[in-house]
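Dear colleague,

Please find below the structure that I am handing over to you.

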Amino acid sequence: MAEPLLKIRNISKTYVTPEGGTVEALKDVSLDIAQGEFIVLLGPSGCGKTTLLRTIAGLEYPDSGEILLDGKRIDDQPAYARPVNTVFQSYALFPHMSVAENIAFGLEMEKLGKEEIARRVEETLVQIKLTGYGRRKPSQLSGGQQQRVALGRALIKGPRVLLLDEPLSALDLKLRRGMQVELKRLQQDTGITFVFVTHDQEEAMSMGDRIAVFSDGEVVQLDTPREMYRNPANRFVADFIGETNLFPCEIHSGVVSINGDEIPARLLAGNAVVGDNGSSVVAIRPEDLVISQSQGILAGVVRDVIFTGSAVRVHVMIGTEEIVAVLPSHGVSVPERGAQVQLDAIDATIRILAS
Ligand code: ATP
């Protein structure tokens with residue numbers, strides 16, 4: 001990677017709670033973000049992603065660590081002096097001001113000339129697809145349009161980095177999908193570096209150039225969506241990103257077995273570490289399982305067959321464990337409920353995970 005635009009170095013932050021305890025919200029977090037990158041901070045509620053975003057914004061100060069932008073430290077600067085802007089989940093628009101006034105607000109504060117402000121507001125309205133809406137009040141807009149105004153208000157200042165804290169979470173699913181595509185396009189068109197917080201793994205996968213998965217105040221994996229999906233670093237990531245079947249397995253002398261049945265080496269992913277003897281966990285993605293006409297790696301009984309349109313989800317009981325195979329909805333034969341089936345896996349797809 002070229003010299004990163006934003007360097008986050010060993011950031012730690014502990015909060016003192018009103019109950020008198022402490023919470024380690026960030027534990028020695030380091031992250032390099034490239035110019036023009038769309039990076040997603042993903043993790044379950046309470047894992048520290050908002051705290052990191054607020055620390056970059058200057059709304060929170062870390063206990064230790066540094067944040068550098070273009071090689072210069074910004075963590076000691078007040079929020080208003082940092083070349084970053086934030087879009088909040090709650091939009092935080094001024095209700096008594098028009099759309100144009102809301103968008104112009106940051107430039108008015110900088111005391112720019114009236115003509116320049118008007119020109120930049122018009123440009124921004126085009127960017128956020130709200131041309132002609134400048135005179136409306138926020139209450140006269142839909143939720144999606146209000147979110148665009150919040151975005152416009154942040155973009156007009158030409159930030160080096162735009163910080164977005166769950167900006168789409170108040171929108172319904174369909175609108176949210178549409179806004180995800182638009183936001184990604186806008187980011188690519190403007191070339192502004194985006195740091196986007198979400199707890200929705202599908203949103204993270206569809207938008208991020210890279211995803212930083214957080215757990216309990218730490219970054220557990222930083223990768224492209226594809227790499228993260230195919231090669232999750234541990235059980236937490238495998239379970240959190242996409243759907244996965246997890247099984248206990250035994251490893252002895254480099255041989256992996258599930259319920260005493262040996263898994264052929266050809267099925268194991270290239271990076272499988274099978275050196276250690278003992279118990280571990282294997283992960284198999286549902287789309288990597290196939291119903292086999294001959295002896296497979298697992299035998300079970302079909303519990304449910306669910307047609308979802310583009311696919312068929314087959315739930316199979318392997319002893320007391322339930323696993324899911326996702327088959328194409330046409331072109332393959334689908335077993336009936338109650339049928340005895342053999343399951344096989346596509347070559348090089350089974351992963352052994354660190355727990
Ligand atoms: P969410 O998705 O729910 O917003 P998050 O991953 O963004 O979660 P943070 O908001 O960063 O999580 O919070 C991390 C931890 O720090 C949580 O345990 C939270 O309760 C705690 N925390 C956050 N802000 C404060 C505060 N001002 N005082 C005390 N504890 C706080």
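**Helix H4**

Helix H4 covers residues 143–155, and its 13 residues should span 18 Å at 1.5 Å a residue; the end C-alpha atoms are 18 Å apart, which agrees. The expected span of a helix is 1.5 Å times one less than its number of residues. Helices (H or I, at least four residues) and strands (E, at least two) are DSSP runs, numbered from the N terminus.

This is a predicted model, in which local features need pLDDT of at least 70 and side-chain atom pairs count only at pLDDT 80 or more, while totals for chains, interfaces and linings use all residues. Residues are numbered from 1 along each chain as its sequence is written, and side-chain values use heavy atoms, with hydrogens and water left out.

H4 is mostly covered, as twelve of its 13 residues are buried. Buried means under 20% relative accessible area, exposed over 50%, and partly exposed in between (1.4 Å probe, protein chains only). Among the buried residues of H4 are Gly-144, Val-149, Leu-151 and Leu-155. Their cover includes strands S6 (84–87) and S7 (161–165) as well as helices H2 (99–109), H3 (114–127) and H5 (173–190).

**The ligand**

Which residues surround the ligand? They are Tyr-15, Val-23, Ala-25, Pro-44, Ser-45, Gly-46, Cys-47, Gly-48, Lys-49, Thr-50, Thr-51 and Glu-166; a residue counts as near if one of its heavy atoms lies within 4 Å. Strand S2 (22–33) and helix H1 (49–57) each supply at least two residues of this shell, and the largest share, three residues, comes from H1. The shell divides into five nonpolar, five polar and two charged residues. Here Ala, Val, Leu, Ile, Met, Phe, Trp, Tyr, Cys and Pro count as nonpolar, Asp, Glu, Lys and Arg as charged, and the others, Gly among them, as polar.

Oxygen atoms of the ligand lie 3.0 Å from a backbone N or O atom of Cys-47, 2.8 Å from a side-chain N or O atom of Lys-49 and 2.5 Å from a polar side-chain atom of Thr-51. The protein covers 64% of the 630 Å² of accessible area that the ligand has on its own. Accessible areas come from the Shrake-Rupley method with a 1.4 Å probe; for residues, only the protein chains shown count as cover.

**The whole protein**

The secondary structure comes to eight helices and 20 strands. Of the 355 residues, 48% count as buried.

Yours sincerely

Methods. Polar contact = N/O pair within 3.5 Å; in protein donor to acceptor, adjacent residues only side chain to side chain. Contact = heavy atoms within 4.5 Å.
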